[in-house]
Every structure is written in C-alpha cells, then in structure tokens.
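Please open the structure in a viewer and keep the selection tool at hand.

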Amino acid sequence: MHKIFAYLKKRIAIITALFVMFAMAFVLDSPQNIYEGYLEILQSPGVLISDYLYIAGLGATLFNVASIMLINIVMLEVLRLKMTGPIFAGLLTIAGFSFFGKNIFNTIPIYIGIYLYARMQNLEFKSFIIVVLFSTGISPIVSFLIFGTGWSYAASIPAGILVGMLTGFILPAFSAHTIRFHKGYNLYNIGFAMGVLSMLYTAILGMVFGFELEPFRSDETSEAFHNELLFLTLVLSAIFIAWGFIANTQVLKKYPKLLKSTGRLVSDFVRDHGMDIAMINVGVMGIISALFVVALNIDISGAVMGGILTVMGFGAFGKHPKNAVPVMLGAAFWYGILYMTNDGDVGVGIAIAVLFVTAVAPIAGRFGVFLGIFAGFIHVMLLPLTLQFQGGFDLYNNGFAAGFVAAILVPIFEALRKNNGEEAEGV
Amino acid sequence: MSTPEVKLITKIIRELSMFLMLHGYEQFSIETDKEKTLTTFRVKVKTLDEKTKNTMLEKLNRAREIEIETYGWQLVGDLDQKSELEIVGSLVDDAKIEEENGHHSIIITRKNPYLKKH
C-alpha cells in the first residue's frame with residue numbers, strides 16, 4: 001500500500017491528467033456510445049486526418065486517448081524507466097494523436113518490430129524508448145492495410161501486422177540517421193523519418209496495387225466539442241502548473257535559465273532544469289496554445305487538440321515560449337492571410353500547423369525571433385506539398401515538413417551568422 | 001568491438017575536440033583505451049580555466065541516459081554552441097579532471113552497452 005501511495009505521489013501530474021480524461025469520457029457520454037464509438041475508432045483506416053471526434057464522438061475519443069496513455073504508462077513502469085523530457089513528450093504526443101489516427105490496435109505491431117530490432121542489436125528494448133513512443137505516428141499504415149484495402153481479413157490482417165512490424169524494425173536505425181539531415185533543429189525527427197517511409201509505402205501501394213489514397217484522406221473534423229476541449233486544455237495546463245508550484249514554491253527562479261535553451265535536440269528540460277520547472281513550462285505552453293487557438297478563432301477538433309497536447313508534451317523536450325512563439329507567429333501570419341482571403345475558410349491542415357509549427361522552435365531558439373518567424377512562415381508554405389509527398393500514413397506531417405524547413409534554412413542562417421559558436425551560452 | 005560503438009567513440013572524440021577548440025584550447029591530445037566492456041578517454045590539455053573546467057565536469061557528469069544511446073548519438077560531434085556537451089554527458093558514465101605539471105587530464109569512462117544480454 002505504501003508503495004502504491006509513493007508511486008501515485010511520484011506520478012501525480014500524469015495520473016491526474018489520465019483520471020480527468022477517463023472521467024470526462026464517462027461524464028460527457030454514455031457507456032453504450034463509448035463502446036460503439038470505440039469500435040468505430042478501431043476499424044477506421046486512420047489516414048490523415050481521421051478525426052475520431054467526428055468518427056466516434058467525444059466519449060469514445062477520450063476513452064481511446066486515456067486507454068492508450070494508460071498502456072504506455074504501464075509499459076514505462078514495467079521497463080522501470082524514469083520520467084525524462086523525451087518520455088513525457090512522447091506520452092503527451094501519443095495522447096494528442098489518439099484524437100486522430102492512433103489506437104491500441106494499430107500501434108502494437110510497430111512496438112513488436114522495434115522489440116525485434118532491439119533483440120537483433122543485442123540492446124535492451126528500453127534503450128529505444130524514444131523511438132517507441134514516437135513510432136506510432138505511422139500506425140495508419142497498419143489500419144489502412146487491414147481495413148482500407150478491401151482485401152479479405154485472411155490477407156489484410158497478416159499484411160497489416162507484418163508491415164507494421166517491418167516499419168518498427170526499420171525505424172530506430174533510420175530515425176537515428178535522419179536526425180543528421182536537419183541537425184536536430186526539427187523536434188519531430190521521427191515524424192520526418194516516418195514521412196520518408198510513408199512516401200515509400202504510398203508509392204508501392206499506388207504503383208504496385210493501384211491504390212489511390214486521396215479518397216481516404218479527409219479534412220472532415222468535428223468542432224462540436226470546442227468548449228469541452230478548451231476546458232480540458234486549461235484544466236490540464238493548470239494541473240501541470242500546480243504540480244510545479246507544489247513541488248517547489250521557488251520554481252520560477254529556474255525559468256530564465258530554461259528559456260535560454262535553444263531547444264535543439266536532444267534538450268531534456270526535466271533532466272537539465274528539473275521536473276518542477278519543466279511541468280510549469282508544459283502548463284505555460286498549454287496556455288499559449290489555447291491563446292493562439294482563441295485569438296485566431298480556430299475551433300478545436302480532434303486534430304487541433306492533438307496539436308495542443310503535443311505542444312504541451314514538448315514543453316519538457318525543447319519547446320518554451322521564447323522559441324515557440326516566434327515560429328507560431330510566422331504560421332499565424334499565413335493563417336491570417338488565408339483567413340482574410342478565403343472568407344474564414346482556412347482548412348484544418350493550416351489550423352493545426354499554427355501549433356505543430358513548433359517543431360522548428362529550435363531555429364528561433366538559436367537564430368532569434370525574426371528568423372524564427374520566417375521559419376514558421378516557410379513551414380506552413382511547405383505543408384500541403386509534404387502531405388502529397390507522403391500520402392497521409394505519417395500522422396506527423398508537420399514533422400516531415402519541418403525536416404525540410406530546418407535542412408534548408410539552418411545552413412543558410414549559419415552561413416549568415418558571423419559569430420558562429422560565439423552565441424548565447426545556452427543551457 | 002562493435003561498429004556502432006566504434007562510431008560513437010570517434011564522435012565523442014570529435015565533440016571533445018570541438019568543445020576545446022571553441023573555448024580557445026588549440027593544443028591538446030586525446031588518447032583512448034578500449035577494453036571489451038569499457039572505453040577510457042584521456043584528454044591532456046594545458047591548464048583549463050575554472051569556468052571551462054566546471055562546465056565540462058557538470059555536463060559530462062550527467063547521469064547516463066540509455067535512450068540517448070539509440071536516438072541522439074548521431075548529433076554528437078556536431079557542436080553548434082560553445083556550451084554544448086550535453087549529449088556526450090548522456091553517453092558516458094563518469095568524468096573527472098586531474099591536474100599534473102601545469103596540465104589538466106580529463107578522464108572520461110564509458111561502458112559498452114552492446115554487450116548486455118536480454
């Protein structure tokens with residue numbers, strides 16, 4: 001009993017967040033609706049953008065989010081891993097994308113693939129935990145092969161599971177390689193790696209099997225739960241901020257040092273600055289996300305909520321107000337132009353980009369506000385093209401785009417800087 | 001010794017070299033002593049100033065992070081700022097600095113994880 005209380009105390013913020021989501025599911029929806037909606041989620045092809053709020057309603061979606069988080073928290077406990085910045089970011093990213101594309105069914109084969117790779121490398125599975133937590137961004141390939149191809153289950157289930165396992169097997173080595181492409185200035189590096197794999201899968205499915213992904217891609221989302229999700233965002237932000245202050249009443253003294261970090265991979269704020277200030281930063285990033293959403297008149301769909309949770313998660317792993325706000329302003333500028341020229345009809349892809357653009361936050365962290373705004377602006381320009389490239393199996397399309405943005409801009413910005421290596425002392 | 005381990009060791013040497021040069025230390029030597037389960041890096045450099053010495057000790061004595069072993073290691077050896085050494089700190093087990101005849105010896109040890117059994 002003592003051990004259980006000690007554990008709950010240690011993980012109080014994340015456990016409370018989990019409890020809030022389970023509770024909201026059952027308060028806002030009936031068990032029957034949750035059950036039926038959850039079955040719909042499990043059978044959805046999951047290709048971008050499969051908004052589970054639109055497909056299954058709020059109760060089933062929150063149940064999906066909370067159950068996937070629970071499984072991953074149990075996995076972390078079994079592996080006896082400490083809560084570091086990357087792990088926290090991975091958990092909240094999983095939660096975010098469980099609003100649009102991830103479910104228990106399509107994530108497991110990818111985990112098995114990574115496990116087999118670890119065995120082959122003679123390394124512990126837990127040493128791949130960062131890849132494990134972010135790997136499921138490509139889980140729609142599993143769902144698509146099983147439920148979207150029209151093949152009989154005798155063929156489609158083994159195909160989906162095998163391709164999922166193969167993807168998991170490839171991803172650790174490949175994502176370690178792609179990090180060099182953008183030199184760590186794309187926080188969604190695994191999203192970039194998965195975008196390349198998704199491009200390959202899209203090409204094979206199109207050229208060999210004649211599948212067109214266009215009919216499966218959708219921008220139909222549900223904004224019916226805007227108020228509930230805005231409330232959830234503020235409650236979660238408050239939980240993390242409160243946790244920081246409860247842990248250390250003088251916690252804000254640590255904030256200036258954290259804000260000096262460029263955020264470039266691998267910036268673990270939990271380890272570098274402490275769990276208390278990292279949680280404050282997570283909450284602050286949640287509030288900033290909510291402010292952008294409200295200021296730009298964006299209605300919160302499953303995809304937008306995914307963006308908010310991801311931004312919050314990376315509040316422990318590279319993002320902070322000083323490096324995130326400039327790139328968000330760059331994206332918001334383009335959003336505003338589209339909003340005015342299209343009578344308010346911007347599209348969910350650009351709306352979520354205002355949040356996911358923070359993948360390139362380290363560019364602002366290193367090169368300053370103005371070049372950060374410019375990077376954010378370039379990022380949203382590139383997004384529609386990268387979705388066409390990768391087809392939609394990579395849920396982290398913004399990570400795919402951010403890889404190119406960083407790879408193009410960072411060498412140029414570096415060349416323009418005269419005082420290379422002499423900049424701010426960083427962490 | 002496995003190829004990934006050799007690649008990582010050479011990257012750590014590169015990052016240590018860049019760190020020292022960016023801090024104005026252009027004369028130094030790095031020796032490695034590779035055993036089956038442990039690699040020791042011995043960096044000999046003229047007397048380090050107190051700030052650089054403390055920075056190195058702080059960054060290199062971070063706790064080993066097993067997950068960085070497979071993810072961020074490709075960025076090692078590619079410093080962008082004078083202050084960066086964090087990833088190396090996550091990849092080594094221990095670091096100490098000894099003073100001898102007007103020189104500093106930075107001794108860093110790293111256990112090889114590729115020998116672990118499941």
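Begin with Y396(A), which counts as buried at 5% relative accessibility (buried means under 20% relative accessible area, exposed over 50%, partly exposed in between, with a 1.4 Å probe and protein chains only). This is a predicted model, in which local features need pLDDT of at least 70, side-chain atom pairs count only at pLDDT 80 or more, and totals for chains, interfaces and linings use all residues. Residues are numbered from 1 along each chain as its sequence is written, chains are lettered from A and ligands numbered from 1 in the order in which they are written, and side-chain values use heavy atoms, with hydrogens and water left out.

**Aromatic rings**

Next, select F400(A) and F404(A), an edge-to-face aromatic pair with 5.2 Å from centre to centre and 70° between the planes. Rings of Phe, Tyr and Trp (its six-membered ring) pair if their centres lie within 6.5 Å; planes under 30 degrees apart count as stacked, over 60 as edge-to-face and the rest as tilted. Both residues belong to helix α20 of chain A, four residues apart, about one turn of the helix; helices (H or I, at least four residues) and strands (E, at least two) are DSSP runs, numbered from the N terminus. F400(A) is buried, at a relative accessible area of 0%, whereas F404(A) is partly exposed at 24%.

Then display F97(A), F100(A), F134(A), Y188(A), F314(A), F317(A), F356(A) and Y396(A), which ring pairs link into a cluster. Within this selection, F97(A) is buried, with 2% relative accessibility. Over all chains, the search finds 31 aromatic pairs.

**An enclosed helix**

Move to helix α8 of chain A, residues 140-148: eight of its nine residues are buried, so the helix is largely enclosed by the rest of the structure. Among these buried residues are P140(A), F144(A) and G148(A). Against which helices do the buried residues of α8(A) pack? They pack against α6 (104-121), α9 (153-182) and α10 (189-207) of chain A. Following α8(A), G150(A) has a positive phi, near 85°.

**The nonpolar core**

Select I129(A) and M56(B), the residues with the most contacts inside the largest nonpolar core, which has 168 residues. Such a core is a set of buried Ala, Val, Leu, Ile, Met, Phe, Trp, Tyr and Cys residues joined through side-chain atoms within 4.5 Å. Around M56(B), leaving aside residues up to four places away in sequence, the residues touched include L16(B), F19(B), N61(B) and I106(B) (contact means heavy atoms within 4.5 Å).

**Charged pairs**

Side chains of opposite charge can pair when their charged atoms come close. A salt bridge is a side-chain nitrogen of Lys or Arg within 4 Å of a carboxyl oxygen of Asp or Glu.

Select K183(A) and E414(A), whose closest N and O atoms are 3.2 Å apart in a salt bridge. This pair links distant parts of the chain, from the loop between α9 and α10 to helix α20 of chain A, 231 residues apart. Both K183(A) and E414(A) are buried.

Continue to D272(A) and R62(B), a salt bridge with closest N and O atoms 2.4 Å apart. The pair crosses between chains, from helix α13 (residues 269-273) of chain A to the loop between α2 (50-60) and α3 (86-91) of chain B. Both D272(A) and R62(B) are buried.

**Confidence**

Finally, colour chain A by pLDDT, the predictor's confidence in each residue, from 0 to 100. The mean for chain A is 87, and 93% of its residues reach 70 or more.
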